[in-house]
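Trainee: Could you take me through one part of this model, up close? Please go step by step.

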Amino acid sequence: MLLKAVKIHKIYNGIKILSDIDLQIEETDRIGLIGANGCGKSTFLKILLGEILPDHEQEGDGQIICASRTSIGYLAQSAALDSSLTVWEEMQSVFSDLLQTHARIREIEKILDTHPEYLEEYDRLSAWFQSNGGYDIDFKIKTVLFGMGFSQDDFHRMVSSFSGGEKTRLAITKLLLEEPNLLILDEPTNHLDFETIQWLEDYLRTSKSALLIVSHDRYFLDKLCTSICEIEHGKLTRFKGNYSAYTVLKAAAVERQEKEYALQQKEIAKLEDYVARNMARASTAKSAKSRQKQLDKIERIEKPVTKQKRAGLSFTYEIEPPLDVLEVRNADISVGEGSARKTLLSGIDFNIRRGEKLGIIGVNGIGKSTLLKEILGILPHDGIMKFNKNIKIGYFDQESTNLNPNQTVIDELHDRFPAMLDGEIRNLLGQVRITGEDVFKPVSALSGGERARVCFALLMLEHANVMLLDEPTNHLDLPMKEVLEEALSAYTGTLLFVSHDRYFLKRLATQLIELTPEGMHFYPYGFETYLEEKARLKAQEQAVPAVSQKAEKNTAHRTKAQRSAEAARRNRMKELEQEIETLDLQISDLEASLTRPEICTDYQKMQEICQQLEAAKNQSEACFAELCELEEA
């Protein structure tokens with residue numbers, strides 16, 4: 001056991017955020033912590049870390065028990081780094097004890113010839129430095145920095161010069177280098193591209209650290225987690241398996257709870273009816289009191305509320321589209337106007353046919369959203385971008401710029417569809433969980449998630465047979481993402497969408513377009529196959545001939561065996577240097593003793609010293625020969 005939380009409660013402004021929560025984290029646990037926004041995940045993490053105290057309702061509750069061997073590494077959503085340092089200095093700060101020890105070793109080396117009394121300290125520090133990976137510090141730092149997407153040129157840049165997203169990546173890098181046995185990560189995939197996220201997944205998968213991860217990245221949770229903990233209505237429930245397993249288990253648990261609740265309510269009603277009818281009569285009062293005691297002892301099952309709050313989306317169309325929907329030929333992706341116009345990519349070619357769901361992926365700033373807007377005619381373009389006849393288009397803009405910020409929600413729908421009655425509009429908004437007085441909120445006062453839900457309501461009314469979606473899962477909580485995925489999976493029209501949500505891509509994309517600085521790449525298969533092909537090609541590229549491997553064994557990408565052999569070689573060279581120095585001192589002492597009168601007049605003593613002197617010289621020569629061989633290696 002690394003950490004244990006016992007009966008955690010927390011109340012804010014009279015509202016119970018956390019209630020009677022227990023959690024035990026073992027050394028091999030990989031836990032995903034999920035829940036709706038505001039459910040108390042961040043509060044729970046702060047309690048685990050000792051940043052805030054839990055409330056105590058009775059003796060023995062509100063305990064956080066930490067094993068003596070537990071070391072916790074925490075990644076907050078806001079990175080905590082020293083902005084006055086360079087990247088390399090910030091990463092080296094993780095190894096400050098080792099670097100101080102190394103500096104002391106170098107100091108002793110300079111004075112060892114004249115102060116042999118420091119030899120014991122030198123041996124002790126050298127052994128500790130070696131056993132704690134001191135010779136691998138630079139290699140470790142470079143490996144993780146390269147993996148997190150930083151280049152050699154970034155190493156000596158000031159931390160203050162990086163963007164917020166880059167600082168998050170630096171914070172993750174530093175945390176991985178610290179190698180705590182419990183990693184607590186709060187939204188670690190924010191600001192990371194596909195390649196970096198995949199590297200991080202691979203690194204954490206082979207890490208020996210236990211993991212507690214708060215994330216909306218369901219694919220990330222799928223790849224890493226062995227259990228999912230959900231905080232809902234103040235309670236924590238643990239499900240065995242990854243996120244996909246959780247969705248199945250959760251649905252079964254809700255269904256089971258509904259049945260148990262219905263049965264219990266039936267039993268309670270039966271008992272209450274019996275008590276009400278029989279308590280007043282003397283002949284049956286005793287029996288009624290017994291039933292009342294039964295009622296009082298019943299542990300009430302809470303009524304499931306998940307399904308009642310679940311949004312409902314359904315995308316339909318009335319006009320059947322032709323087989324060929326969209327043709328894009330020799331098109332450019334360009335930004336800016338006039339002389340400032342800049343071409344990001346050229347030679348874009350693809351077709352979309354009826355019923356296909358085509359995902360567009362690529363790094364930030366490559367032109368994915370721009371491509372959608374050029375296809376729609378919102379932005380000018382070069383080349384052919386042409387829809388066929390009988391096409392009705394629906395468009396989801398990730399920034400919701402198509403909404404009037406000065407309108408109320410209900411008026412926004414009224415203006416688009418004036419024939420609809422208030423009741424019809426309110427019913428539709430209820431489907432996307434905008435209810436009550438919220439329908440009279442101005443659009444400018446809505447959160448990102450609420451604006452997205454208004455846009456989905458409008459999309460349902462448009463009955464488009466082709467929909468273009470730009471990052472549709474941005475700003476959505478997990479339940480709403482799942483509702484959207486189910487609706488789009490059931491949609492029989494054509495989809496062209498931009499997304500960085502890998503779980504969304506996995507569920508929906510039948511084909512992919514990847515935009516890279518080198519151009520456009522089309523993949524006639526889904527996201528999982530795309531990842532497999534990428535991994536296969538990467539493995540082929542890394543499979544170099546044995547001769548090349550031997551020539552590159554001293555680079556930063558040596559194998560673990562090569563690194564171990566190199567460390568052992570360096571350590572042996574150190575030992576030999578120390579042994580030669582010790583033997584040289586011994587030889588000098590022996591030679592000096594031969595000149596003393598009491599020795600040179602005693603044949604037997606002189607003979608013994610000469611034998612010792614010869615042995616020391618032979619041993620010194622042997623050490624020197626071995627040292628030369630190792631230096632050549």
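Mentor: Start with a crossing: helices α6 and α7 cross in a left-handed way. Left-handed means that the near helix is turned anticlockwise from the far one by less than a right angle; clockwise would be right-handed. This is a predicted model: local features need pLDDT of at least 70, side-chain atom pairs count only at pLDDT 80 or more, and totals for chains, interfaces and linings use all residues. Residues are numbered from 1 along each chain as its sequence is written, and side-chain values use heavy atoms, leaving out hydrogens and water.

Now find the two helices. Helices here are DSSP runs of H or I, at least four residues, and strands are runs of E, at least two, numbered from the N terminus. Helix α6 covers residues 164-178, and helix α7 covers residues 194-206. Their axes come within 13 Å and cross at roughly 15°. That makes α6 roughly parallel to α7. The cut-offs: under 35 degrees is roughly parallel, over 145 roughly antiparallel, 65 to 115 roughly perpendicular, and the rest oblique. Each axis is a line fitted to C-alpha atoms over the stretch in contact, and angles run from 0 to 180 degrees between N-to-C directions.

From α6 come Arg169, Ile172 and Leu176. From α7 come Thr196, Trp199, Leu200, Tyr203 and Leu204. Contact means heavy atoms within 4.5 Å. The contact residues divide into 6 nonpolar, 1 polar and 1 charged. Ala, Val, Leu, Ile, Met, Phe, Trp, Tyr, Cys and Pro count as nonpolar; Asp, Glu, Lys and Arg as charged; the others, Gly among them, as polar.
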